[in-house]
Amino acid sequence: MEPRMNLFDREIGARIGKRIYAVSQVIQESPLPKETQELVQLRASQINGCGFCVDIHGKDAAAAGESSARLNLVATWRHSTVFTEAERAALALVEEGTRIADASPGVSDGTWGRVREHFDEDQAIALVSLIAMINATNRLGVILNNQGGSYEPGALATVAG
């Protein structure tokens with residue numbers, strides 16, 4: 001299967017891609033732990049079926065030192081012992097925030113309460129924004145039929161740069 005188009009081949013697509021990347025940079029530079037950022041992006045990408053983004057976030061997390069056990073268990077985080085309570089809160093939020101169109105009631109007060117127990121205001125803003133952005137980029141990847149498998153760790157910065 002071939003990608004339907006390259007977003008960056010046209011000026012408007014490149015401009016949009018650069019702005020998405022700029023928002024992502026703000027989130028990356030936030031006080032939200034980097035490990036949590038990658039786990040959240042990986043989980044949303046798994047839920048959304050975006051092989052391109054699963055490839056990116058799995059490889060970037062591994063290159064940053066994330067263990068294969070944790071990466072392999074992200075999809076089944078509720079049935080594993082390798083995630084902190086803060087990471088569990090973030091993973092619950094990404095699942096509920098990603099599945100809002102699946103006849104889900106949205107983000108529960110319980111999940112939001114756990115997020116606020118573990119993350120300060122700036123971290124919570126970054127987390128919510130990260131969930132929104134990864135869902136947007138997952139949709140771009142799936143709609144455009146971008147395939148996973150050939151990503152080299154760290155290369156994302158050169159795509160939109």
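Predicted model: local features only at pLDDT ≥ 70, side-chain atom pairs only at ≥ 80, totals over all residues.
On the α2 side, the contact is made by Gln37, Val40, Gln41, Ala44, Ser45 and Asn48. On the α7 side, the partners are Leu127, Leu130, Ile131, Ile134, Asn135, Asn138, Arg139 and Val142.

## How the helices pack

Two packed helices are described by the angle between their axes and the distance between the axes. For α2 and helix α7 (residues 121–143), the axes come within 9 Å and cross at roughly 40°. That angle makes α2 oblique to α7.

Now turn to another neighbour of α2. Helix α2 covers residues 34–48 and helix α3 covers residues 51–63. Their axes are 8 Å apart, and the two pack at an angle of about 155°. An angle over 145 degrees counts as roughly antiparallel, and α2 and α3 are therefore roughly antiparallel to each other. Their crossing is left-handed. From α2, the residues in the contact are Glu38, Gln41, Leu42, Ser45 and Gln46. From α3 come Cys53, Val54, His57, Gly58, Asp60 and Ala61.

| Helix pair | Angle between axes | Distance between axes |
|---|---|---|
| α2 and α3 | about 155° | 8 Å |
| α2 and α7 | roughly 40° | within 9 Å |

Gln41 has its place in helix α2 and takes part both in the contact with α3 and in the contact with α7. Leaving aside residues up to four places away in sequence, Gln41 touches His57, Leu130 and Ile134. Is Gln41 buried or exposed? Its relative accessibility is 12%, and since buried means under 20%, Gln41 counts as buried.

## Two cysteines without a bond

A disulfide is a covalent bond between the sulfur atoms of two cysteines. How many disulfides does the structure hold? The number is zero. Cys50 is in no disulfide, and the nearest cysteine sulfur, that of Cys53, lies 3.4 Å away.

## Salt bridges

Side chains of opposite charge can pair when their charged atoms come close. The structure holds eight salt bridges, and some of them are described here.

Begin with Glu87 and Arg70, whose side chains meet in a salt bridge of 2.6 Å, N to O. This pair links distant parts of the chain: Glu87 is in helix α5, while Arg70 is in helix α4 (residues 68–73), and the two are 17 residues apart. Glu87 is buried, with a relative accessible area of 8%, and Arg70 is buried as well, at 12%.

Next comes Glu85, found in helix α5, which covers residues 85–98. The side chain of Glu85 meets that of Arg88 in a salt bridge of 3.9 Å, N to O. Both residues lie in α5, three residues apart, about one turn of the helix. Are these two partners buried or exposed? Glu85 is exposed, with a relative accessible area of 52%, whereas Arg88 counts as buried at 16% relative accessibility. To get a sense of scale, find Gly141: Glu85 and Gly141 are 56 residues apart in sequence and 30 Å apart in space, C-alpha to C-alpha.

A further salt bridge joins the side chains of Arg116 and Glu121, at 2.9 Å, N to O. Here Arg116 counts as partly exposed at 33% relative accessibility, and Glu121 counts as partly exposed at 47%.

Finally, which residues are linked in a network of salt bridges? They are Arg43, Arg78, Glu95 and Arg99.

Methods: Residues numbered from 1 in each chain as written. Heavy atoms only, no water. Disulfide = S-S within 2.5 Å. Helix = DSSP H or I, 4+ residues; strand = E, 2+ residues; numbered from the N terminus. Salt bridge = Lys/Arg side-chain N within 4 Å of Asp/Glu carboxyl O. Buried < 20%, exposed > 50% of the residue type's maximum accessible area, 1.4 Å probe, protein only. Axes fitted to C-alpha atoms, helices over the stretch in contact; angles between N-to-C directions. Parallel < 35°, antiparallel > 145°, perpendicular 65-115°, else oblique. Left-handed = near helix turned anticlockwise from the far one by under 90°. Contact = heavy atoms within 4.5 Å.
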